[in-house]
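Please open the structure in the viewer and keep the selection tool at hand.

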Amino acid sequence: MVVDPLTPKWASTYLAEYELERTYGEKILADRKQNVRVKYTEDLLSTILLQREALWLERVSTLGIETHHCLGFEKDGERGILLTSYIEGESLDEVMKCHERVPSLADKRQQITCLILDKLEELHRVDIVHGDLKPSNILLKKDGTLCFIDFSNARRVGDAWVERRVVQQTHGFAYPRHSKHASVLYDYYSVLVSLAILYGDSPSTQPDNALGFLQQFKANVDASNLSSDLAERLIQLTQRVLDDLS
């Protein structure tokens, strides 16, 4: 029986065996006892993206990338339901919005940054570009580790971005120079924007201001009290993007 009253009746018919409650996200539910997470969509474009996510979750699981495991995908006309494993934790976006946690978050920023960069390297080592990295898609797990979620815009390096005439971009995190093919630079840029937000900035990332944002981010890293190794990693990433955009 579905607990959450906002779940539409059509979806409930597929989910009768679960005790679901709404979690972070407008159309995301979870049954923590059975370790199941549910996402549902009600329009064709969103359903195409959800089906793409199901496919990519299966792909990355074979490559050893930690994220939700796909348990099944159901399509009902233009609507869709994706069942995955449930991971206990909160998105970076959720954590940053809880103002009472800001002092404790400040103490963990370097650790979180290192975890994000390590996961990014792990993903790129198997030639996968996430394509939509942002705080809501970075999950801080209850055990203190981290993983990326929502692989609906993932691509292999060099693959075309447009698939079935659909391309997904998040305003403010999208790479400022359009390319037909997936590149790790797209992930670098969106991670740098996410980290700028983590460290308290409100970056203006309009395409015509991208160089200014990156130069300011690099200057902030130079002036920060980050460890020398971490600062060097961030500066190298920033410079690679700057070189491409300049």
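**The sheet**

Begin with the open sheet of 3 strands, whose order is S6-S8-S9 with antiparallel pairing. Strands are DSSP runs (E, at least two residues), as are helices (H or I, at least four), numbered from the N terminus; two strands pair if DSSP finds at least two bridges between them. Select 89–91 and 146–148: these are the edge strands S6 and S9, each pairing on one side only.

The model is predicted, so local features need pLDDT of at least 70 and side-chain atom pairs pLDDT 80 or more, while totals for chains, interfaces and linings use all residues. Residues are numbered from 1 along each chain as its sequence is written, and side-chain values use heavy atoms, without hydrogens and water.

Next, select residues 138–141, strand S8, which pairs with S6 in the antiparallel sense over 3 bridges. Lys141 in S8 is the bridge partner of Gly89.

**Charged pairs**

Stay on Lys141, which forms a salt bridge (a side-chain nitrogen of Lys or Arg within 4 Å of a carboxyl oxygen of Asp or Glu) with Glu66, the closest N and O atoms being 2.2 Å apart. Glu66 lies in the loop between helix H2 (44–62) and strand S4 (70–76), 75 residues from Lys141.

Finally, select Lys39 and Asp150, another salt bridge, with closest N and O atoms 4.0 Å apart.
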